[in-house]
Amino acid sequence: MSSNNNFSSFDENESKFMRKAKESPFVPIGMAGCAAVVAFGLWRLKSRGNTKMSVHLIHMRVGAQGFIVGAMTLGVIYSMYKEYSAHKDSK
């Protein structure tokens, strides 16, 4: 019985994520970009040379944050454009 409840809540969570992704499409793009930067940083970890670990991790963090801030900025610009064009069309 409890497995049916868990399955239904999984479907609700999945649909909620998809609904949120459709409302603001740049959030999943930012998340994917952050994951890509972290994966690239971990891949480059073995060939960092004489660079200290802390410096390498700071560079990874700055790259991931930069990608997320860029995605958020594009999302805000997109939503402003969508709101402005919808407002302009209604007049």
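1. Buried residues make up 10% of the 91 residues in the chain, where buried means under 20% relative accessible area, exposed over 50%, and partly exposed in between (1.4 Å probe, protein chains only).

2. On the basis of these values: this is a predicted model, in which local features need pLDDT of at least 70 and side-chain atom pairs count only at pLDDT 80 or more, while totals for chains, interfaces and linings use all residues. Residues are numbered from 1 along each chain as its sequence is written, and side-chain values use heavy atoms, with hydrogens and water left out.

3. The secondary structure comes to three helices and zero strands, and along the sequence the chain reads α-α-α. Helices (H or I, at least four residues) and strands (E, at least two) are DSSP runs, numbered from the N terminus.

4. Helix α2 covers residues 26–44, and its 19 residues should span 27 Å at 1.5 Å a residue, which agrees with the 26 Å between its end C-alpha atoms; the expected span is 1.5 Å times one less than the number of residues.

5. The UniProt record, an unreviewed entry, lists residues 26–43 and 63–81 under "transmembrane region"; its positions are given in the numbering used here, feature names are shortened, and annotations may be inferred rather than shown by experiment. In the model, residues 26–43 are 100% helix and 0% strand, with end C-alpha atoms 25 Å apart. Residues 63–81 are likewise 100% helix and 0% strand, and the end C-alpha atoms of that span lie 27 Å apart.

6. Within α2, the residues Gly30, Gly33 and Gly41 are buried. They cover an arc of only 70 degrees around the axis, which puts them on the same side of α2, the arc being that of the directions from the helix axis to the C-beta atoms. The face of α2 turned away from its buried side carries Leu42 and Trp43, which are exposed.

7. Phe17, Met18, Val27 and Met31 make a nonpolar surface patch of about 390 Å², to which α1 (2–23) and α2 each supply at least two residues. Patches are made of residues with over 30% relative accessible area and no salt bridge, like charges being joined within 9 Å and nonpolar side chains (Val, Leu, Ile, Met, Phe, Trp, Tyr) within 5 Å; a salt bridge is a side-chain nitrogen of Lys or Arg within 4 Å of a carboxyl oxygen of Asp or Glu. Met31 lies in helix α2 and is partly exposed, its relative accessible area being 49%.

8. Several residue pairs are separated along the chain, and their C-alpha distances can be checked in the model. Ala35, found in helix α2, counts as partly exposed at 45% relative accessibility, and its C-alpha atom is 7.8 Å from that of Ala64, 29 residues apart along the chain. Ala32 also lies in helix α2 and is partly exposed, with a relative accessible area of 45%; Ala32 and Ile68 are 36 residues apart in sequence and 9.3 Å apart in space, C-alpha to C-alpha.

9. Gln65 has its place in helix α3 (residues 53–90) and is partly exposed, with a relative accessible area of 42%. The C-alpha atoms of Gln65 and Val37 are separated by 9.4 Å, the two residues being 28 residues apart along the chain.

Definitions and conventions:
Areas by Shrake-Rupley, 256 points an atom, 1.4 Å probe, with all protein chains shown as cover.
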